[in-house]
Amino acid sequence: MNCYCKYCGAKNSSIASLTASHCPRHPAGANKGLHALYEGGEKAKYVCKHCGTSNSSLASLTGSHCPRHPLWANKGLHEPAL
Ligand SMILES: [Zn+2]
Ligand SMILES: [Zn+2]
């Protein structure tokens with residue numbers, strides 16, 4: 001079963017390997033923290049919990065800015081709802 005990072009969409013077959021490496025889209029800054037497990041599992045489409053934008057790829061969704069991000073409108077990234 002594949003698991004994904006909730007910040008950048010990185011895919012790995014094991015949670016242990018996923019969370020052992022640095023995340024280029026970590027909220028504290030690029031590579032300043034580790035990938036974190038997206039607990040929603042594998043889906044046909046991912047929806048941003050702030051603005052409702054959807055994308056079939058978690059990596060694409062988390063790669064663009066969210067106009068309704070609660071802290072950084074248009075600077076923060078979309079965040080997938082579970
Ligand atoms: Zn990541
Ligand atoms: Zn959004």
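Select Ala 10 to begin: leaving aside neighbours within four places in sequence, Ala 10 is in contact with Tyr 4, Cys 5, Leu 18 and His 35. Contact here means that the C-beta atoms of two residues, placed from the backbone, lie within 7 Å. This is a predicted model, in which local features need pLDDT of at least 70 and side-chain atom pairs count only at pLDDT 80 or more, while totals for chains, interfaces and linings use all residues. Residues are numbered from 1 along each chain as its sequence is written, and chains are lettered from A and ligands numbered from 1 in the order in which they are written.

Stay on Ala 10 a moment. You'll find Ala 10 in the loop between E1 and strand E2 (11-12). Helices (H or I, at least four residues) and strands (E, at least two) are DSSP runs, numbered from the N terminus. Ala 10 counts as partly exposed because it has 19 C-beta neighbours inside 10 Å. The scale, using C-beta atoms placed from the backbone, is this: buried with 20 or more other C-beta atoms within 10 Å of the residue's own, exposed with 12 or fewer, partly exposed in between.

**Next: His 35**

His 35 sits in the loop between H1 and E3. Is this one buried or exposed? His 35 counts as buried, because 26 C-beta neighbours fall inside 10 Å. Show its partners: not counting residues up to four places away in sequence, His 35 touches Cys 5, Tyr 7, Cys 8, Ala 10, Leu 18, Thr 19, Ser 21 and Cys 23. For another distance, pick Arg 25, ten residues from His 35 along the chain; their C-alpha atoms are 8.5 Å apart.

**The nonpolar core**

Which members of the largest nonpolar core touch the most other members? Among its 13 residues, they are Tyr 4, Cys 5 and Leu 58. Strand E1 (3-4) and helix H2 (58-61) each supply at least two residues of this core. The term covers a set of buried Ala, Val, Leu, Ile, Met, Phe, Trp, Tyr and Cys residues joined through C-beta atoms within 7 Å. Zoom in on Tyr 4: setting aside residues up to four places away in sequence, Tyr 4 touches Gly 9, Ala 10, Lys 11, Tyr 38 and Leu 58.

**On to Lys 6**

Lys 6, like Ala 10, belongs to the loop between E1 and E2. Lys 6 has 20 C-beta neighbours inside 10 Å, so it counts as buried. Beyond residues up to four places away in sequence, Lys 6 touches Ala 36, Leu 37, Tyr 38 and Pro 80. Then pick Lys 49: 43 residues separate it from Lys 6 in sequence, and 12 Å in space, C-alpha to C-alpha.

**Two asparagines with positive phi**

Go to Asn 31, in the loop between helix H1 (15-18) and strand E3 (46-47). Its phi is near 60°, a positive value in a residue other than glycine. Asn 31 is exposed, because 12 other C-beta atoms lie within 10 Å. Then jump to Asn 74, in the segment after H2. Phi of Asn 74 is near 65°, again positive in a residue other than glycine. With 9 other C-beta atoms within 10 Å, Asn 74 is therefore exposed.

**A stop at Ser 57**

Ser 57 is in the loop between strand E4 (54-55) and H2. Ser 57 counts as partly exposed because it has 13 C-beta neighbours inside 10 Å.

**Zoom out**

Switch to cartoon for the protein chain. You have two helices and four strands, running β-β-α-β-β-α from the N terminus on. The C-alpha trace spans about 30 × 30 × 15 Å along its principal axes. The radius of gyration, taken over C-alpha atoms, is 12 Å, which agrees with the value near 12 Å for a compact globule of 82 residues; the globule rule is 2.2 Å times the number of residues to the power 0.38. Colour by burial, and 24% of the 82 residues count as buried. Finally, among contacts between residues at least 6 apart in sequence, 35% join residues at least 24 apart.
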